Amino acid sequence: MDFADLVVFIRVVLKEIWAHKVSILFSAAIIGFAVLFIGISWPVTYETSTTFYADNQNILKPLLDKQAAVSKVEDQVRIVRDVMLSPRLLSQVMEKIYVNDEYKTPVEQERRAKEIRENLDISMLGKNYIKVTYSGHSPDGVYDTLNALTDLFIRDSAESKRTESKEAYQFIDNQVKQYKSQLVVAEERLKKFQSANLDGSDVDVGERIATLRDTIENLKVSLGEVRTRIQSLNQQLQEENSFSAKKFKADVYRERLAELLAKRDSLLLTFKESHPDVVSVGLQIQDMQNAIREAEKEHTSGAATSGETTVNPLYQELRSKLADAKVELYTGQRRLLSTEKLLEQEYARRKRIAEREAELLELKRDYDVTKKIYEEMLERREKARLSMTLNLEGQGITYKIQEPSQYPLAPKGLRFIHFVIVGLLLGIAAPIGIIVLYVIIDPRIRFVSQVENIISMPLLAVVPHTITPISKRIMKVDMLLIIMLGTALVAAYVGVAYSHYVGII
Amino acid sequence: MFGNKEKLREVSSNGVEFVEKVDEKDIDAEKDDEAIVDINREVTPGDRHDNKSGGYRADGIDQMSEVSAFSTEELDRLKLLYQGVPNRKLLNVFRDLRTKLAKKSKGKNYVCLVTSLVAGGGASYIAANLSAAIAMDRTKTSLLIDGNLYAPSVERLLAVEPVNGLTDYLYREDAQVEEIVYASGIPRLRVIPVGNNREAGAEYFSTGRMRKFIDSVKSRYPDRFIIIDSPPACEYSAETHILADLSDFVVLVVPYGKVTESQITAGLEAIGEDRLAGVVYNN
């Protein structure tokens, strides 16, 4: 479409606009006023927001490490939303704001609470900042509601945190006490058991049995020895008859003689033979030799007396040894018996120990478990104590108002002035746009070029629109009327808009 | 200036074709013409009583009786062209159309049917103005026949109430042509109104009497051009077809913003390609 075509098109559009001037004027008025009334009835939305700083990076954290449980910031948005929108907090908010019982029935309160829930937006700004935005139709309402909400929320969260950690501490403390008493009971039971059972351990018994067995073995060996000795002594005593008492006498003399000879030899080393000592010894030697000969004669003659037999010292010696050995045997046997008895006892003890072992294990296990839990609880209690202290001193997670809410001075979103402008522009543009569309879409012929295309030959003539003087006058009057009406409409439009703006309507 | 006028008269009386070179000179000439028309009005006093009887008996243009011409205000009101009309563009359009049609008939007089595609398409307006434009030439006369039985319009060109019309003539065997031809308020433009027998009129169009009538009015004066105002082609295609058969050629009027392409095609088919002189687009 080149410029000439465009001019023709515009001319046609203008012609159509003129042809439909009244309906255009009316539709413009209807559209414009409709938009204006939408603007008047359009709910004005005010919005205000406040930013919290959710602080858990306090100075104590590095010190505490894992000892105290500090809430995570990631959960904060959810927590803040849950707490802020809880019916408890909302009812408090309503109590605070609407002191004059504006929403007194439960249904109204519920409706209002729902409204607050819908208009509240909580979002995370950065890592630790939480932005709470509230929108509503009146600036006062928005400002008051958000302030009340944040105020109550901060107070409530601090309070609930305190209570929560206190309760947690108390709970754990109670648990600790309970476990402590359990532990004492277990300890007591174990002690009682141990004091009631002195059998000692299985190992002790084993050692004892081994020792006893060794003793028995040794005893048995030594008993065998003693028996052998008694046997041999008895044999030797039976051979007593074949030995004479004389022989025994001669042997004694010979011994004496040898001693004397040795004495004389030693004397001779010092003295001469004439020395009296040597002579004395020589005489003793002769005596001794004579005695020996006599004894040998007695022995060979076989004249022995019973009195001589009983006085044999060797056999007396043997007999005493035999008696000793018999005593030894007897005592050994007694010892063996008693040791064997002891061994029996040890076996019995071992059996007892084995029987008691299961009970002991159970008691010990009870004790161990209770002790372990108790220790753990103690640790936890310390954690809880720290957390409680943190919260009591306000050192746990805290919400600080970073950006206080501002009183919303200007409404948010579409404002009345926008509607006024849009209404005016749309009122003018829409009917013209419709006319343009009508010219484009309407299949009826409006352009010379179209006719030429259809008949495929040049036109004989194009008769321009003629205006008679009368129609010219009518047209002028029409134009005047249209201008007047249009001006009146625009004036009415502006008047309505202005009176709404200043608050008359 | 006067000499120039004389020259024009000379040329016209010699029977030469229309002088239709529209340039500044010609416009001046037309202005002079207007003055002459005014003089003529005085010199040739209108005889309305004569016209009431309807007929005329003169044999040449000069002898044609005239009624008192319309004033320019009347002509403006009737949307009729005249020499010196302020809307020169419109005048030129019709003069151009006149020339084109004259070319088509090779200078001879013709019977031209003007039909619109739909009612209110401006066929009557174009027919009247075409007749007026032809009549502007002092050597030519034009006869406007109202064939639009359904929305007759040529009565407005008459200064008097017509008594008889075309349908009366066709209905009554004894009727004379002179009875139905009326002088209009425009010099050299004669008018035949529809008449009083419109209900049955359409049937007479196909009669031999109608054909004879057309032939007689055409052949009576060689310098008389006959324009028939026809009913809309799309709505009354039968009448259009019959009237087109009687005519030398047809001018189809396409009105602004009233017809679709299919209606144009249908109209063209109703007329037939051989009869079609061309299409006039009426804004």
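# A predicted two-chain model, in questions

Chain A folds into 15 helices and five strands, where helices (H or I, at least four residues) and strands (E, at least two) are DSSP runs numbered from the N terminus. This is a predicted model, in which local features need pLDDT of at least 70, side-chain atom pairs count only at pLDDT 80 or more, and totals for chains, interfaces and linings use all residues. Residues are numbered from 1 along each chain as its sequence is written, while chains are lettered from A and ligands numbered from 1 in the order in which they are written.

User: Which helix of chain A has the lowest mean pLDDT?
Analyst: pLDDT is the predictor's confidence in each residue, from 0 to 100. Chain A has a mean of 83, with 89% of its residues at 70 or more. Among its elements, α13 (residues 416-441) has the highest mean, 91. At the other end, with a mean of 47, is α11 (residues 306-310) of chain A.

User: What percentage of chain A counts as buried?
Analyst: A residue is buried if 20 or more other C-beta atoms (placed from the backbone) lie within 10 Å of its own, exposed if 12 or fewer, and partly exposed in between. Chain A has 505 residues, and the buried share comes to 17%.

User: Is Lys104(A) buried or exposed?
Analyst: Lys104(A) sits in the loop between α5 (87-97) and α6 (106-119) of chain A. Its C-alpha atom is 9.6 Å from that of Met94(A), ten residues away along the chain. Because it has 11 C-beta neighbours inside 10 Å, Lys104(A) counts as exposed.

User: How many residues of β1(B) are buried?
Analyst: Strand β1 (residues 111-116) of chain B pairs in parallel with β6 (residues 249-255) of chain B over five bridges, and four bridges join it in parallel to β5(B). Val111(B), Leu113(B) and Thr115(B) point one way, Cys112(B), Val114(B) and Ser116(B) the other, and all are buried. For β1(B), then, the count is six of six.

User: Which element gives the most to the side of chain A that touches chain B?
Analyst: Two residues are in contact if their C-beta atoms, placed from the backbone, lie within 7 Å. The contact takes 19 residues from chain A and 29 residues from chain B. On the side of chain A, α14, β5 and α15 (469-501) each supply at least two residues. With four residues, the one giving the most is α14(A).

Definitions and conventions:
Pairing = 2+ DSSP bridges.
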